[in-house]
Amino acid sequence: MSDMEDKPRVGLVLAGGGARAAYQVGVLKAIAEMLPRDTPNPFPILCGSSAGAINATTLAIYATRFHEGVRRLTYVWRNFTVHQVFRADAFGVLGNGLRWLAAMMLGGLGRQNPHALLDRAPLRSLLKQTMPCKKIQESIDAGALHALSVTASGYGSGQSVTFYQGVSSLTTWRRARRVGSAANITIDHLMASSAIPLVFSAEKINREYFGDGSMRQIAPISPALHLGADRVLVVGVRSEAPPRAARAETDDYPSLAQIAGHVLNSIFLDSLEADLERLQRINKTISLISAEQMREGGLTLRKVDVLVIAPSEDLEKIAARHAHHLPRAIRFLLRGLGAFNRHGSNLVSYLLFEKPFCRELIDLGYKDAMHRKEEILRFLDMPAA
């Protein structure tokens with residue numbers, strides 16, 4: 001038996017969140033430093049949505065060399081610029097803006113209708129250079145990876161589709177508004193999963209156009225369980241919930257940026273928190289039912305241990321400190337939406353693919369994970385380096 005078969009199978013769930021996913025890289029960097037250099041991949045099941053799908057796929061490609069995969073992820077994220085993700089030059093931003101205006105004023109431009117606010121052609125080029133997706137199967141064949149999943153949302157069907165690539169014994173699944181579909185993961189799946197609605201254009205896979213995987217993903221932890229995880233490590237991108245504050249009266253109407261940030265929070269963050277609460281309730285219920293009663297009732301529920309690592313600081317406030325690093329054309333666009341007003345920087349935090357912001361998030365993730373080193377090592381059932 002291999003080490004992967006002897007130990008509980010750990011699933012890693014990396015949520016979406018645009019530039020906020022830099023925090024995940026810091027957590028992974030800390031975990032890599034905790035483990036000996038020759039440690040096999042500690043996460044045989046990797047599940048990602050949106051930008052988290054890109055991080056998860058990188059780990060899958062380098063599953064036989066976990067430390068190398070984390071090193072490459074860290075290098076890319078520490079040196080990110082907006083220009084590597086979407087067109088941020090004045091001509092590109094202004095041209096796209098004028099097409100939107102013309103489409104609205106003229107009742108549409110036919111085939112020339114704009115598909116999204118920003119052009120992500122640079123990201124596709126970057127992924128082609130850095131993501132040899134054919135190596136995913138090599139990781140599976142080598143026994144270093146049980147399964148990788150990438151979730152996207154179908155605009156036609158309205159379903160949350162989890163595309164997975166893994167060992168031959170895995171089977172598809174179908175639940176209300178969510179399905180699991182076997183596939184060879186490609187750049188197209190990553191582009192689809194990370195296509196923030198309206199901001200980035202959808203991606204066509206087979207017969208349907210897909211957008212960001214966090215949309216309609218009502219059970220973000222579910223793919224890891226379907227793929228056979230016994231326990232799940234979740235890396236979130238929202239700070240731990242502060243004490244509930246009293247609602248403050250305000251006369252200012254919320255800006256477009258504040259509304260957009262609120263919508264993105266509901267897409268990227270709320271489903272994960274609700275799914276965690278649901279899993280905790282199920283675990284508590286199972287603990288109150290004996291094994292005999294479970295067998296007699298024909299219940300197939302099982303207890304799943306979950307460890308959540310989330311930012312100890314407010315990422316919106318960090319983004320506000322670094323918003324001036326955005327290219328001038330993007331600052332101009334976002335200022336018109338109210339992104340630089342009070343409560344508007346939440347939108348900025350999803351688009352701020354710039355070194356200073358990403359590096360601070362990586363450092364924060366590293367610090368938060370190191371603070372919980374013993375807890376993480378116990379959860380992974382791994383020796384320290």
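User: Before we start, what counts as a nonpolar core here?

Analyst: A nonpolar core is a set of buried Ala, Val, Leu, Ile, Met, Phe, Trp, Tyr and Cys residues joined through side-chain atoms within 4.5 Å. Keep in mind that this is a predicted model.

User: Ok. Which residues touch the most other members of the largest core?

Analyst: Phe43 and Trp77 do, in a core of 96 residues. Helix α2, residues 22-34, supplies the largest share of this core, with nine residues.

User: What does Phe43 touch, skipping residues up to four places away in sequence?

Analyst: Its contacts are Val10, Leu12, Leu28, Ile31, Phe66, Leu145, Leu233 and Leu380. There is also another core lying apart from that one, with 18 residues, including Val13, Ala224, Leu227 and Leu279.

User: Zooming out, how many helices and strands does the chain have?

Analyst: The chain has 16 helices and 10 strands. Of its 385 residues, 51% are buried.

User: And which share of the contacts between residues at least 6 apart in sequence joins residues at least 24 apart?

Analyst: That share is 77%.

User: What about the accessible surface of the chain?

Analyst: The total is about 19,000 Å², and 53% of that belongs to carbon and sulfur atoms.

User: Which residues form a nonpolar patch on the surface?

Analyst: Tyr253, Leu256, Ile259 and Val263 form one, and together they have about 440 Å² of accessible area. Val263 is in helix α10, which runs over residues 256-287.

User: Why does Val263 count as partly exposed?

Analyst: Because its relative accessibility is 39%, and partly exposed is the class between under 20% (buried) and over 50% (exposed).

User: What is Gly261 in contact with, leaving aside neighbours within four places in sequence?

Analyst: Asn346 and Leu347. As for distances, the C-alpha atoms of Gly261 and Glu316 are separated by 9.9 Å, with the two residues 55 apart along the chain.

User: Switching to α4. How does the distance between its end C-alpha atoms fit the expected span?

Analyst: It agrees: helix α4 covers residues 66-78, so its 13 residues at 1.5 Å a residue should span 18 Å, and the end C-alpha atoms are 18 Å apart.

User: Which residues of α4 are buried?

Analyst: Phe66, His67, Glu68, Gly69, Val70, Leu73, Thr74 and Trp77. The cover over the buried residues of α4 includes α2, α3 (51-61) and α15 (355-371).

User: What does Thr58 touch?

Analyst: Thr58 is in helix α3, and it touches Gly69, Leu73 and Met131, not counting residues up to four places away in sequence. Thr58 counts as buried, because its relative accessibility is 7%.

User: On to charges. How many salt bridges are there?

Analyst: The count comes to 10 salt bridges. In general, side chains of opposite charge can pair when their charged atoms come close.

User: Which residue does Glu33 pair with?

Analyst: Glu33 forms a salt bridge with Lys29, and the closest N and O atoms are 3.3 Å apart. Both lie in helix α2, four residues apart, which is about one turn of the helix. Glu33 is partly exposed at 41% relative accessibility, and Lys29 is partly exposed at 26%.

User: And what does the side chain of Arg124 meet in a salt bridge?

Analyst: Asp188, at 3.1 Å, N to O. This pair links distant parts of the chain: Arg124 is in helix α6 (residues 121-130) and Asp188 in helix α8 (residues 187-193), 64 residues apart. Arg124 counts as partly exposed at 21% relative accessibility, while Asp188 is partly exposed with 30%.
Arg124 also forms a salt bridge with Glu203, with the closest N and O atoms 2.3 Å apart.

User: Why does the Arg124 and Glu203 pair tie together parts of the chain?

Analyst: Because Arg124 lies in helix α6 and Glu203 in strand β7 (residues 203-205), and these parts are 79 residues apart in sequence. Glu203 is buried, with a relative accessible area of 14%.

User: Last one: which residues are linked in a network of salt bridges?

Analyst: Glu68, Arg71 and Arg72. Of these, Glu68 is listed among the buried residues of α4.

Definitions and conventions
Residues numbered from 1 in each chain as written. Predicted model: local features only at pLDDT ≥ 70, side-chain atom pairs only at ≥ 80, totals over all residues. Heavy atoms only, no water. Buried < 20%, exposed > 50% of the residue type's maximum accessible area, 1.4 Å probe, protein only. Helix = DSSP H or I, 4+ residues; strand = E, 2+ residues; numbered from the N terminus. Contact = heavy atoms within 4.5 Å. Areas by Shrake-Rupley, 256 points an atom, 1.4 Å probe, with all protein chains shown as cover. Patch = residues over 30% accessible without salt bridge, like charges linked within 9 Å, V, L, I, M, F, W, Y side chains within 5 Å. Salt bridge = Lys/Arg side-chain N within 4 Å of Asp/Glu carboxyl O. Expected span 1.5 Å × (residues − 1).
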